[in-house]
Structure formats: C-alpha cells, structure tokens
Amino acid sequence: MAKANGGGVAAALILSCLLLLPSASAFYLPGVAPRDFQKGDELQVKVNKLSSTKTQLPYDYYFLDYCKPSNIMNSAENLGEVLRGDRIENSVYSFKMRRDESCKAVCRTKLTSEAVKNFKEKIDDEYRVNMILDNLPVAVPRQRRGGSQAPSYEHGFRVGYKSKDDKYYISNHLSFKVMYHKDPESEDARIVGFEVIPSSVKHEYSNWDDKNPKVTTCSADIKIAPGSTTPQEVVADTYVVFSYDVTFQPSEIKWASRWDTYLLMNDDQIHWFSIINSLMIVLFLSGMVAMIMLRTLYRDIANYNQLETQEEAQEETGWKLVHGDVFRPPVNSGLLCVYVGTGVQFFGMTLVTMIFALLGFLSPSNRGGLMTAMVLLWVFMGLFAGYSSARLYKMFKGSEWKRITLKTAFMFPGIVFAIFFVLNTLIWGEKSSGAVPFGTMFALVLLWFGISVPLVFVGSYIGYKRPALEDPVKTNKIPRQIPEQAWYMQPAFSILIGGILPFGAVFIELFFILTSIWLNQFYYIFGFLFIVFIILIITCAEITIVLCYFQLCSEDYHWWWRAYLTAGSSALYLFAYSAFYFFTKLEITKVISGILYFGYMLIVSYAFFVLTGTIGFYACFWFVHKIYSSVKID
C-alpha cells in the first residue's frame, strides 16, 4: 500500500480501507491477467524511486550516476503513483527467461565529484533502490532475529554502505534470483518471486569496450558474494563497473499467492489483542447507553407523561426542562453545517474505499490504486456533502444556502490543499521525485473545481428543495438561562474526555498504519482495519450520546457543537500519538523531513477530526430527536 514518500498525505486516507479476510492468499488485482513467459523470452527489470525511512524524500533512480539505457522511458503512471513519488523507468538490466547467467558486466560510469557527493549523501541517509520485474518489487533476503528459519525480506537494496574507517562503498554487483511457477502441461511459466543480493566489487579489466564489456573479475566460474571480493570505493574520477548475475529457480508458489512474501505478517496476536481491547471499550459504553435508554429514559418519560399538574411539572428537573431550547440553532450554525457536510463526504469516501478493498481492487500489487481511488471518490462524494449541509442549514431556517454551499466546497479541501502545496514546495526544493509535478497539481485543481464543486452545488440544490426536518418540540422565543455547571461538565473538560475512548479503540491499529506509511512497509490487513473502523463508529456514537445525556440532564442545551467536538477531539490524541511515534520509532534527522512528517500528520488529524466529529454529531442528533419525540409536551 502506501509507502514512505512525498505523498504521505495518503496517511489521512489509509484509515478508509478494509478487507474482511486477513489472509493474503488470494491477493491480486481482479481483471489483471498473469503474464506467461516461455523459455528465452526477454525480461526487463524496471527501476523505481530511491527511498529512505530517514528522510521520507524519494528520489528518481537516475538522480544518482547509475548506468543509463540509451532511451529512458517512463512506464504508464496513474494519479496515485505520481502522488506517492513513484517514477518507474527502464534500466540496463535485462535477461532471458529461465536462462541462468553468471557474472556479466553491463556498463561503467565515471564518478564526478558531484556524483560522489550524491552517492555519499544517499549512503549516509540509508537510501534503498527499488526495482520491479513483472510488477513484483525486488526483495532482499535477511536473517530473522532469534535464528528463526522462516524467510524474511526487506524492500529494495541499499545504495551502498559505510565502513568503520569512514569509507563509502557502492553496491555495484547484483545477484538476482527469479522464482517461477511452470505450467506442467506446457512450456509456459509465471514469475512468482524476485530477489536480489547486492555486493560491492572492484572490477578489474585491461581494455574496456562499451559494446562488449569484459572484466577479469567477472566470469563464468566466479561466484560473487557479499564480502568475497575487494569492494568498490566511492572516489571521485574513478570508473565504476556495474555487473549482475541471475539464476532461475522453479517454485511451488502459485501466481495468485506471489505477494505473500511481501505481506507476511507475524503479529496477528497483537491485532486480535487490539480488537479485544477495543471491544471491551464498546461493551462498556454500550452498557452505559443501554442503562440510560432503558432505565433512566423510559422511567423519566413514563414519569413525565404521567404528571397531571403544572406544579408537579415545575418540580421536575433534568433534560425535559430544556425542551423549549434544545432545538435552538447554535452559534455559527452555518459553519457547523459546512463541517457536517464535509464529514459526510469523508465518510462516504471511506465506506466506498472499504468496499473496493473488500473486492481486492486496492491490493499492494496495484501501485497507486488506493490513492487514485480515494482522490476520485472524494471528488464524487461532493454530492452528499452538499446535500447533508443544505438539509441541516434549512432545518436551522437559514436562507443563504449558496454561501454555505461555497464554504462546503472550498473550506476543507482548501485548507488541505494549502498545507499540501507548502509541503510540496519544500519537497520540490530538495529536488525529490516526491514533489507533485505542476501538471498533476493542475489536474487535482481541475478535479476539485470541475467536478467536486459542481456536485456540491447539485447536492445542495436537491437538499435545500426538500422539506425541512421538523423539530419534535417547539422552541421558546426567549432562551432559558443555563444554571452554573459543575467543573466536570465544563465544555473543555467533557470534550477532551470524550475523545479518549474513540482514540483508545484505534490506537494499536494506528501503530501499524503509521509503520506502513513511514517505515516503507506494505499494509494489507484490511480485515482487522475494517473491524476497528466499525468499533470506531460505535465508540464515537456511544460516547457522544452518553456525554450529551449528562449535559442535557444538567440543563445545558448547547449540545450541537459539543456533540461534534466531543467525538472530534480524538484527533488531538491522534496528533499527540503521531508526535510520540516520531520521537520513539523514526530516525528522521533532517528538518525538512520533520516538517513533512508533522505537516502530513496534521492533515491526517484534521481529516480524522471531521470524520469522527460528524459520526458523533449524527448520533447525538438522532438521540435528542428520539427522546424529545417520546415525551408529551403541553
């Protein structure tokens, strides 16, 4: 899924994915047919970006002085790939299917002082080279901790390494291993694995011929392994020869399961612990809601409905006393409508993205698919944003629906786009491939103005034409005075308390999501994420209802904004956790990279605030409607 790159804005959207089955055994994109190769067919290794978890700034492969093919061609890219910083291009590495090749020199390049500086910087920042063969990213085998025999892999190989005496060495020899699954009834075979072991080799030669490169350190009977030869130091004005060998190995792995290598997950127990922990929170809250609804409310409603005299009614205290003010439009009601509409848009995008993930459309094999899907879905969900904000605005008896529609169409996307633009400028200043090109930026603006904004207006028009929602009780002309509240019922305190439980329901899964984004891992456990998302919805709804009930019982009828902010305050804890994660788990040293991290996590938290706030608001809205339509009001 999303990897660490300049497109970290995807972080906010990752929360919107799911896949019911945690098993990865059938993870491949529906509609993409596997490719069959016959013996001798040409295989072209493609190169992707250089990536580092220390800087979070991806670079084009040819930013470093690697050997270039005569004609560099970009592979077809979707919007998501560009936003992620992927730049997939052809390379000088090509070989024949099922034909092993021993050490073969490909080309040489002379290192200038500028090239040496770049190589040393990238080695210091632990950059990795990402390659692709038949849509499979290259994997580097590594030894598991604790001596486990189960295979473990890293994504991409290191540009080079630094010795103890501060010398830099480049990985200039690649030992490829291609695993294939052969059709027993024909000569066809499918590629099911792509591994590489990098080495540093100081190649020697007498005469160099570009058309037929030959080196004495590279021949059929020489097997190059890491540390077996003199390494190639990164020094100015020296020639570096790049070479490779390739072996083909038959495998029992079927094509549909070939991504299992990259998706192996050994922490199922942690996820189950996370879900059980979250379910405990939900059960606790559900118990409280049930107690309020069944015991207190039904008893209250029965008592209120049996009161016969005005004197008895006046003696009563609690939530019924504010019936004449509970549906009074709040302060800044227009802004509330805007944020509720935006939350509906975000919720719709999340839900449909989940359905796509269920169907397997957003598996990691479809690079950039998740980002593309979410951007497009956000645009088309503008219809529901406009509809819900206009419906609420009409209920508040507002008349300037066009102004509210404009705010709905521009406020949230405008703030996110402004932050994204500033971050993109910083990435561009670092000459990183993670910077979104002007053309793509223009396409995003076109999607926003050309499709999203008109759809918000269409939704608003339809919503405003519908009859207004009727309040179950009449609103008094003169606002009731609110009695002095206890310290624990003060807005700031109850709002901050309300955000703890929704955050508590998701924070363990959040760790894995942040790891997938910022530590270059694949995230595919959408089954767990789906369950956690459902728990999040229930938790947000229930904590808001509970706190709303306590608020009304203390005769405070300003519940509209309080309901939104109670659930939405979980975003504060999310941002605080992301700061904790930054200082404890990441090794980011550059100031620019730190700004990028916190900039993108600010977008994540803002989006989370809008999503959870809207869930809490609608839950409270339903609850208040329900209880006040159940009592008789004279």
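Against which helices do the buried residues of helix 9 pack? In this predicted model, they pack against helix 7 (333–358), helix 8 (369–380), helix 10 (401–429), helix 11, helix 14 (560–568) and helix 16 (591–628). Local features were taken at pLDDT of at least 70 and side-chain atom pairs at pLDDT 80 or more, while totals for chains, interfaces and linings use all residues. Residues are numbered from 1 along each chain as its sequence is written, and side-chain values use heavy atoms, with hydrogens and water left out.

Helices (H or I, at least four residues) and strands (E, at least two) are DSSP runs numbered from the N terminus. Helix 9 is mostly covered, with 10 of its 14 residues buried, where buried means under 20% relative accessible area, exposed over 50%, and partly exposed in between (1.4 Å probe, protein chains only). The buried set consists of Gly382, Ala385, Gly386, Ser388, Ser389, Ala390, Arg391, Leu392, Tyr393 and Met395. The end C-alpha atoms of helix 9 are 20 Å apart, in agreement with the 20 Å that its 14 residues should span at 1.5 Å a residue; the expected span is 1.5 Å times one less than the number of residues. Lys397, which follows helix 9, has a positive phi, near 60 degrees.

Helix 9 (residues 382–395) packs with helix 11 (residues 438–465) at an angle of about 35 degrees, their axes being 6 Å apart. Axes are lines fitted to C-alpha atoms, for helices over the stretch in contact, and angles run from 0 to 180 degrees between N-to-C directions. The crossing of helix 9 and helix 11 is right-handed; a crossing is left-handed if the near helix is turned anticlockwise from the far one by less than a right angle, and right-handed if clockwise. Among the residues of helix 9 in this contact are Gly382, Gly386 and Tyr393, and among those of helix 11 are Val456, Gly459 and Gly463, contact meaning heavy atoms within 4.5 Å. The residues of the contact comprise 9 nonpolar, 6 polar and 3 charged. Ala, Val, Leu, Ile, Met, Phe, Trp, Tyr, Cys and Pro count as nonpolar, Asp, Glu, Lys and Arg as charged, and the others, Gly among them, as polar.

Helix 7 and helix 14 also pack at an angle of about 35 degrees, with their axes 11 Å apart, and their crossing is left-handed. Leu335, Leu336, Tyr339 and Val340 in helix 7 meet Trp560, Trp561 and Tyr564 in helix 14. This contact of helix 7 with helix 14 has 7 nonpolar residues, no polar and no charged ones. In the loop between helix 13 (526–553) and helix 14 lies Glu555, with a positive phi near 65 degrees. Glu555 is buried, at a relative accessible area of 15%.

In strand 4 (residues 128–133), 6 of 6 residues are buried. Arg128, Asn130 and Ile132 point one way, and Val129, Met131 and Leu133 the other. Strand 4 pairs in the antiparallel sense with strand 1 (residues 42–51) over 4 bridges, pairing requiring at least two bridges found by DSSP. Met131 is the bridge partner of Val47. Strand 8 (residues 157–158) runs antiparallel to strand 4 and is joined to it by 2 bridges, with Phe157 the partner of Val129. Strand 5 (residues 136–137) likewise pairs with strand 4 in the antiparallel sense over 2 bridges, and Ile132 stands opposite Pro137. In this hairpin, with 2 residues between the strands, Asp134 takes a positive phi near 50 degrees. Asn135, in the loop between strand 4 and strand 5, has a positive phi near 70 degrees and is partly exposed, with a relative accessible area of 28%.
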